[in-house]
Amino acid sequence: MLVADAALAVELSLDRLGEQADSALGGEELVAPCLLWSEVPSVLSEMAFRGEISRDLATQALERFLTGEIHVAERRHVELTMTAWRIASELGWAKTYDAEYLAMRGFSILASSRSTCACAAAPTGSGSWSRHPS
Amino acid sequence: MLRCCGAPASITISAMTTKERLHRLVDELSDREAENTLRLLDARHQGEQADAEAGETEMAALPHGWGETLTGEPMPNVAAAVRRSRATH
């Protein structure tokens with residue numbers, strides 16, 4: 001499981017080979033916090049506004065992202081926000097955006113170790129992963 | 001004063017300097033237009049400052065075949081765009 005940040009998601013959405021991301025990354029599942037679904041449209045819109053890409057390309061990339069063609073799955077964790085808050089505080093960051101991705105990476109490592117440990121129970125209930133209801 | 005092309009001190013297009021034209025334009029704006037324009041300029045200025053502070057964002061090399069957009073152009077600097085976007089909201 002790999003955590004995709006906004007830079008990766010925007011680049012995959014724009015790249016003509018973006019749909020092959022999962023195979024290019026060795027079959028790893030790409031996950032992201034719900035923040036990604038706000039950041040990607042905003043970045044694409046600003047790039048088009050500034051003339052760095054055409055409005056048509058920005059729209060195509062956004063549609064690709066929203067329809068799941070680049071294979072990034074949304075994940076939520078009940079402790080994500082507070083963990084990101086603490087990380088930002090400890091690292092002296094004013095904002096928590098980067099910290100959310102770091103926190104999610106920490107949770108994904110924890111989830112992977114639990115799923116590969118025969119004696120550990122599957123993570124359920126409070127503190128477990130959940131897919132965003134679509 | 002009219003200046004010919006290449007005059008270094010200031011850009012003069014007609015009888016007014018660029019700053020004089022800008023002052024005149026600002027005076028003609030309504031309060032709402034002035035507020036919208038100020039917001040736009042402020043956001044752009046903050047973005048440019050963030051660009052300058054971040055410097056050139058280092059990009060890892062992409063595998064062969066990657067780095068071309070859906071419409072065939074080279075991939076723009078997406079990491080810098082994300083950094084700029086976060087700096088201005």
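User: Hi! In what order do the elements of chain B run from the N terminus on?

Analyst: The order in chain B is α-α-α. That comes to three helices and zero strands. Helices here are DSSP runs of H or I with at least four residues, strands are runs of E with at least two, and both are numbered from the N terminus. This is a predicted model, where local features need pLDDT of at least 70, side-chain atom pairs count only at pLDDT 80 or more, and totals for chains, interfaces and linings use all residues. Residues are numbered from 1 along each chain as its sequence is written, while chains are lettered from A and ligands numbered from 1 in the order in which they are written.

User: Thanks! And how many helices and strands are there in chain A?

Analyst: Chain A has six helices and four strands. From its N terminus, chain A reads β-α-α-β-α-α-β-α-α-β.

User: What share of chain A counts as buried?

Analyst: In chain A, 31% of the 134 residues are buried. For chain B, with 89 residues, buried residues make up 8%. Buried means that 20 or more other C-beta atoms lie within 10 Å of a residue's own; exposed means 12 or fewer, partly exposed is in between, and C-beta atoms are placed from the backbone.

User: How about contacts in chain A that join residues at least 24 apart? What percentage is that?

Analyst: Taking contacts between residues at least 6 apart in sequence, 69% of those in chain A join residues at least 24 apart. In chain B, counted among contacts between residues at least 6 apart, 43% join residues at least 24 apart. Two residues are in contact if their C-beta atoms, placed from the backbone, lie within 7 Å.

User: Now the two chains together. How many residues does the contact take from chain B and from chain A?

Analyst: Chain B gives 16 residues and chain A gives 21 residues. On the chain B side, nine are nonpolar, five polar and two charged. In this scheme Ala, Val, Leu, Ile, Met, Phe, Trp, Tyr, Cys and Pro count as nonpolar, Asp, Glu, Lys and Arg as charged, and the others, Gly among them, as polar.

User: Switching to α1(A): how many of its residues are buried?

Analyst: Nine of the nine residues of α1(A) are buried, and the helix is mostly covered. They pack against α2 (21–24), β2, α3, α4 and β3 of chain A, together with α3 of chain B.

User: At roughly what angle do α1(A) and α3(A) cross?

Analyst: Helix α1 (residues 6–14) of chain A and α3(A) cross at roughly 55 degrees, and their axes come within 9 Å. The pair is therefore oblique.

User: Which residues does A:Ala6 touch?

Analyst: Leaving out residues up to four places away in sequence, A:Ala6 touches A:Leu36, A:Glu39, A:Val40, A:Val43 and B:Val82. A:Ala6 is in helix α1 of chain A, and it counts as buried because it has 26 C-beta neighbours inside 10 Å. The C-alpha atoms of A:Ala6 and A:Pro41 are separated by 9.7 Å, though the two are 35 residues apart along the chain.

User: Which residues of the largest nonpolar core touch the most other members?

Analyst: They are A:Ala6, A:Ala9, A:Val10, A:Val40 and A:Val43, in a core of 34 residues. α1(A) supplies the largest share of this core, seven residues. A nonpolar core is a set of buried Ala, Val, Leu, Ile, Met, Phe, Trp, Tyr and Cys residues joined through C-beta atoms within 7 Å.

User: Last one: where does A:His71 lie?

Analyst: A:His71 is in the loop between α4 (55–66) and β3 (72–77) of chain A. A:His71 has a positive phi of about 60 degrees although it is not a glycine. Most residues other than glycine have a negative phi. A:His71 is partly exposed, as 16 other C-beta atoms lie within 10 Å.

Technical notes: Axes fitted to C-alpha atoms, helices over the stretch in contact; angles between N-to-C directions. Parallel < 35°, antiparallel > 145°, perpendicular 65-115°, else oblique.
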